[in-house]
Amino acid sequence: MEFTVQSTATQELLDITAQVEDLVAKSKIKEGLCHVYLPHASAAILVNENHDPELCKDVLDALNKVFPDHAGWRHDRIDDNAGAHIKASVLGPSETIPIRNGKLALGRWQAIMLAELDGPRQRQVVVTLLSQ
Amino acid sequence: MEFTVQSTATQELLDITAQVEDLVAKSKIKEGLCHVYLPHASAAILVNENHDPELCKDVLDALNKVFPDHAGWRHDRIDDNAGAHIKASVLGPSETIPIRNGKLALGRWQAIMLAELDGPRQRQVVVTLLSQ
Amino acid sequence: MEFTVQSTATQELLDITAQVEDLVAKSKIKEGLCHVYLPHASAAILVNENHDPELCKDVLDALNKVFPDHAGWRHDRIDDNAGAHIKASVLGPSETIPIRNGKLALGRWQAIMLAELDGPRQRQVVVTLLSQ
């Protein structure tokens with residue numbers, strides 16, 4: 001179970017909740033776990049609020065202030081994207097969400113977000129569902 | 001499998017290891033995985049030491065120094081808790097711990113902690129156990 | 001399923017991909033999840049690039065700049081390793097990687113790394129495989 005996402009900016013948070021929920025619905029699994037994985041080292045998966053899209057900008061601003069791009073990193077001499085790798089290492093490439101009654105048990109203010117940190121690129125999302 | 005936790009401060013780390021271990025014991029699962037999930041976007045789950053409770057204050061101090069509340073975030077104009085969302089995005093809403101011989105395979109210095117970042121609130125904890 | 005790793009420095013990122021891939025191959029599981037867990041509170045698991053080993057130094061440098069050791073932490077009076085615990089709390093003790101066609105579905109630039117933050121020490125790695 002996989003799908004692709006095309007990012008359109010250097011950095012952005014892309015809401016992939018609907019695509020993941022669709023795979024859960026098709027699986028007919030009622031109770032279990034949904035694992036969402038990115039096979040990429042300069043992007044990440046996170047879960048947070050997307051009701052106020054301004055918050056996504058805050059999250060990226062905070063990450064850039066703390067782990068800035070182009071701050072003299074050694075790897076920038078080879079690929080110029082060390083900042084993206086560092087942020088991706090801290091956020092991690094996956095999140096796991098419970099499945100209850102055939103649906104993702106996300107909280108009211110939670111969305112599954114692909115954090116693009118070195119775009120624009122086409123990103124692959126690998127979803128694994130396990131039944132209880 | 002769920003339980004609720006009532007936080008009593010704006011920020012605190014609450015040890016929920018005993019409640020999770022109790023659910024593992026009742027399940028009779030001997031080998032597998034225990035997934036602990038918070039359906040909330042302004043709190044997080046982390047695993048770390050709780051033998052010295054002063055360390056919990058250090059962890060919160062470090063997070064606040066790096067990702068401060070009320071630092072001009074856009075979302076604060078709507079809900080005034082952007083700092084909590086940012087910290088929760090970085091920490092993540094879940095942790096997964098192996099089950100071995102019917103018990104959580106936590107290390108000697110590890111505890112499962114609910115990181116309240118925008119309390120006091122009642123928080124729901126969703127536990128999913130998968131047998132190997 | 002467990003193996004041990006001996007770190008040789010106070011801080012280093014150790015690539016454990018080969019050891020984990022070997023356990024996946026021996027398991028004969030074709031489709032599922034591989035959970036890699038550290039039962040330690042002053043080390044962490046992360047997934048990122050290891051093709052350019054300089055990037056590992058960048059990741060450690062970034063973490064130390066943001067969450068410095070010996071910065072007046074309360075826990076340092078007891079054990080002098082609060083900085084390691086703080087970094088481990090943020091990075092987390094585990095990562096979960098999909099298994100596809102009997103192999104880890106890591107991206108081309110992804111490796112599973114043990115982040116030693118308070119070494120040198122012998123560290124235990126607990127691997128749990130679940131079939132779909």
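# Notebook: a predicted model, chain by chain

**Entry 1, chain A overall.** I began with contacts in chain A between residues at least 6 apart in sequence, and 80% of them join residues at least 24 apart. I counted two residues as in contact if their C-beta atoms, placed from the backbone, lie within 7 Å. I note that this is a predicted model, where local features need pLDDT of at least 70 and side-chain atom pairs count only at pLDDT 80 or more, while totals for chains, interfaces and linings use all residues. Residues are numbered from 1 along each chain as its sequence is written, and chains are lettered from A and ligands numbered from 1 in the order in which they are written.

I then listed the secondary structure of chain A, which comes to three helices and eight strands. Helices (H or I, at least four residues) and strands (E, at least two) are DSSP runs, numbered from the N terminus. Along the sequence I read the pattern β-β-α-β-β-α-α-β-β-β-β for chain A. The radius of gyration of chain A is 15 Å, close to the 14 Å of the globule rule for 132 residues, so chain A is as compact as a globular protein of that length. That radius is taken over C-alpha atoms, and the rule is 2.2 Å times the number of residues to the power 0.38. The C-alpha trace of chain A spans about 50 × 30 × 25 Å along its principal axes.

I looked up burial next: 52% of the 132 residues in chain A are buried. A residue is buried if 20 or more other C-beta atoms lie within 10 Å of its own, exposed if 12 or fewer, and partly exposed in between, with C-beta atoms placed from the backbone.

**Entry 2, strand 5 of chain A.** Is strand 5 of chain A enclosed or open? I found six of its seven residues buried, so strand 5 of chain A is largely enclosed by the rest of the structure. Strand 3 of chain A runs antiparallel to strand 5 of chain A, and six bridges join them. I count two strands as paired if DSSP finds at least two bridges between them. Val36(A) has Glu95(A), in strand 5, as its bridge partner.

Strand 5 of chain A also pairs with strand 6 (residues 103-104) of chain A, in the antiparallel sense, over two bridges. There I noted Leu104(A), in strand 6, as the bridge partner of Ile99(A). The hairpin of these strands has two residues between them, and in it Asn101(A) takes a positive phi near 55 degrees.

I turned to chain C, where five strands form an open sheet in the order 1-8-3-5-6 with antiparallel pairing. Strand 1 (2-6) and strand 6 (103-104) of chain C stand at the edges with a single partner strand each, so one side of each has no neighbour in the sheet. Inside the list, strand 3 (residues 32-37) and strand 5 (residues 94-100) of chain C are joined by six bridges. Cys34(C) has Ile97(C), in strand 5 of chain C, as its bridge partner.

I superposed chain A on chain C by a rotation of 120 degrees with 0.0 Å of shift along its axis, at an RMSD of 0.0 Å. That is the relation of a three-fold axis.

How many residues does the contact take from chain A and from chain B? I have 27 residues from chain A and 24 residues from chain B. The largest share of the side of chain A that touches chain B is seven residues, from helix 2 of chain A. By class, that side has 15 nonpolar, six polar and six charged residues. Ala, Val, Leu, Ile, Met, Phe, Trp, Tyr, Cys and Pro count as nonpolar, Asp, Glu, Lys and Arg as charged, and the others, Gly among them, as polar.

For the other contact I have 24 residues of chain A with 27 residues of chain C. Helix 3 of chain A gives the most to the side of chain A that touches chain C, six residues. That side divides into 14 nonpolar, nine polar and one charged.

Most residues other than glycine have a negative phi, and most peptide bonds are trans. I found that His70(A), not a glycine, has a positive phi of about 55 degrees. His70(A) sits in the loop between helix 2 and helix 3 of chain A. His70(A) is exposed, with 10 other C-beta atoms within 10 Å.

In chain B I found a cis peptide bond between Gly119(B) and Pro120(B), with omega about -5 degrees. Pro120(B) lies in the loop between strand 7 (111-116) and strand 8 (122-131) of chain B.

Methods:
Least-squares fit on C-alpha atoms with pLDDT ≥ 70 in both.
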